[in-house]
Amino acid sequence: MIISQPDSTGHFGPYGGRFVPEALMAPLEELEHAYRQASADPEFQAELADLLANYAGRPTPLYFAKRLSEALGGARIYLKREDLLHTGAHKINNCLGQALLARRMGKKRIIAETGAGQHGVATATVCALFGLECIVYMGEEDMRRQRLNVFRMRLLGTKVVGVATGSRTLKDAISEAMRDWVTNVHSTYYLLGSALGAHPYPTMVRDFHRCIGVEARAEILKREGRLPDQLFACVGGGSNAIGMFHAFIGDEHVKLIGVEAGGRSGALGEHAARFAGGSPGVLHGTHSYLLQDDDGQVAATHSVSAGLDYPSVGPEHSWLHDRNRAEYTKASDPEALTAALRLARTEGIIPALESAHAVAEVLKRAPSAKGQLFIVNISGRGDKDTDIYREHLPELDQPDANQSNSIPV
Amino acid sequence: MPTNRIQSLFESLRSPRRAAFIAYVTAGDPSPERTPAIVAALERGGVDLIELGVPFSDPVADGPVIQAGSDRALKAGTTLVKVLDIARKIRETSQIPLLLFTYMNPALHYGFEKLASDMKSAGIDGVLLTDLSVEEAAPYMKPIREAGLDTVFLAAPTSTPRRLKLVAQYSSGFVYLVSRTGVTGERAALADTLAPLVESTRKFTNLPLAAGFGISTPEQAATVAMMADGVVVGSAIVRLISENADDSRIEAFARELRQAMDGAAAARSASL
């Protein structure tokens with residue numbers, strides 16, 4: 001039996017912990033304390049459950065992808081439809097939880113980072129809902145490629161601050177959010193969007209997403225009378241994956257498959273596959289697998305998907321990796337794009353590019369998995385990626401583009 | 001008994017009491033070749049201790065000026081190995097105490113056992129890792145302490161008494177007081193959080209207390225010199241370097257700060 005809980009100091013085996021400047025240590029202790037109290041408070045839990053059900057739209061469906069399963073000719077494939085949640089991705093689960101916590105702590109100013117913009121939109125949404133001031137840091141490169149989400153945040157009353165340092169992506173947005181937090185720590189709540197960062201964030205964010213796996217587990221037992229053979233989720237920071245995996249960690253026969261961004265190639269700087277090209281290191285408050293160069297400098301990353309484009313990974317994933325409880329693989333940019341198209345044309349579901357990475361691994365494994373049950377987490381919907389899909393599928397923008405099947409799926 | 005240059009320095013400043021003038025420079029900014037001359041100019045200007053910054057790609061505790069300095073140093077090819085070479089070069093002509101100042105990851109990647117022995121042979125006297133909390137420190141700092149090197153930790157205005165006690169316990173050489181919450185950088189006014197921080201940290205340790213973050217002008221340095229045992233100036237010096245200041249300008253800037261600090265100390269002892 002594998003136990004995957006952090007110890008009292010927030011370590012998952014050798015990973016996790018709290019590596020931040022001293023000015024943030026007491027605020028993290030305060031946050032941990034407040035979170036523990038809230039977790040044990042039935043009123044807090046009831047309010048969160050109500051919001052998740054009636055505002056966000058939980059539970060999400062577990063949908064049997066009949067046409068995709070038949071087309072692949074192997075495993076029976078179920079989709080966990082987090083894309084159907086309010087704001088279009090799983091991120092809202094965590095944002096509702098943390099916003100309630102911020103309100104409980106008396107914080108009126110919320111800051112967040114965002115990569116693909118899904119966490120930014122979810123944060124902007126809950127801040128509008130609770131009447132809180134909201135500032136979202138976003139790399140300028142990500143603002144360019146996810147401009148629809150930038151506008152959505154602004155529509156919701158959030159200030160989006162572009163970050164022009166480093167690679168101008170998620171990593172730099174987190175650094176800038178940490179700088180804001182250390183400066184305005186008394187008034188400000190940092191609503192971190194993935195199962196990353198210093199303790200208690202990796203545990204807290206996981207707990208708020210744990211419902212994904214809990215629902216999926218109960219539903220598959222009801223529908224199929226047994227547990228799935230393999231679970232799939234994409235892994236950027238790893239929040240949707242840990243949310244999906246956690247309820248199954250004790251089910252030793254259920255394979256947990258995390259899919260990282262393989263990007264353009266296996267060369268350092270061309271991908272975001274931490275478990276393929278990284279080694280343990282410290283970034284943004286946590287000890288985990290990290291893409292870094294020979295001098296311990298954090299490496300540049302690339303992925304077609306902004307939400308996976310990050311050099312480190314949540315510490316619990318590093319622990320599951322080292323214990324061989326979860327397996328981590330990667331999908332390249334073209335594989336993810338192809339998988340998205342395939343899902344769109346067989347099931348009528350356009351996934352987020354992040355989620356398309358998980359689908360890509362399903363396409364590889366399903367044909368030879370006759371008799372097996374798969375569940376893949378569709379962590380977000382693809383509307384936000386329309387610009388990128390258009391860029392990669394210019395033939396569909398032609399006036400005479402064939403409306404049926406000009407592109408083989 | 002003082003065992004190294006940092007401890008000897010603070011010992012020598014006890015009577016007559018003077019505050020130590022501590023300068024931060026990012027090693028390798030603008031180039032690894034230039035740093036020893038910058039350090040020499042600072043020393044001539046009256047700097048007592050150098051924080052030798054190892055550039056890191058993601059300096060979350062630093063404001064824009066030192067971020068830019070780190071970028072310049074990295075672009076110039078500065079690595080931790082080269083910073084050790086820079087220290088050796090400085091040691092050819094100077095005995096000024098050197099504190100290696102960086103983030104956790106470059107040190108972790110290098111390996112702490114090796115770092116301790118290489119720091120020692122390069123003539124570096126201690127280390128401060130901005131994002132290494134006292135809770136995580138023990139295994140990493142063990143080889144550093146065993147090599148007789150100092151381990152300096154940060155205390156902040158947000159630190160609780162329990163934390164200040166831990167910071168004091170884990171520190172040797174001195175304790176670095178972060179004068180205000182925030183990142184490094186020049187500020188128009190000193191924070192009023194420093195005086196209470198000095199007072200509360202003093203309850204837990206007799207180690208020298210040096211203050212930094214937001215100190216850039218002679219007036220500010222003079223004020224802090226009255227309160228603390230050391231004054232750290234960083235961004236103002238890195239900004240000068242970014243303007244391609246020559247050695248004489250760097251030396252003159254240091255001297256101006258030194259004189260302001262010493263004037264304050266003289267006024268203080270005259271008033272006693």
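Buried means under 20% relative accessible area, exposed over 50%, and partly exposed in between (1.4 Å probe, protein chains only). This is a predicted model, where local features need pLDDT of at least 70. Residues are numbered from 1 along each chain as its sequence is written, and chains are lettered from A in the order in which they are written.

**Exercise 1.** Work out whether A:R168 is buried, partly exposed or exposed, and check its phi.

*Solution.* Start with the location: A:R168 sits in the loop between strand 7 (159-163) and helix 8 of chain A; helices (H or I, at least four residues) and strands (E, at least two) are DSSP runs, numbered from the N terminus. Next, take the relative accessibility, 37%, so A:R168 counts as partly exposed. Then look at the backbone: phi is near 60°, a positive value in a residue other than glycine. For context, most residues other than glycine have a negative phi.

**Exercise 2.** Track down the cis peptide bonds at A:P59 and B:P16.

*Solution.* In chain A, go to the loop between helix 2 (42-56) and strand 3 (62-64), where A:P59 lies. The bond from A:R58 to A:P59 is cis, with omega near -5°. Now switch to chain B: B:P16 is in the loop between helix 1 (5-12) and strand 1 (20-26). The bond joining B:S15 and B:P16 is cis, with omega about -5°.

Notes: This is a predicted model: local features need pLDDT of at least 70, side-chain atom pairs count only at pLDDT 80 or more; totals for chains, interfaces and linings use all residues. Side-chain values use heavy atoms; hydrogens and water are left out.
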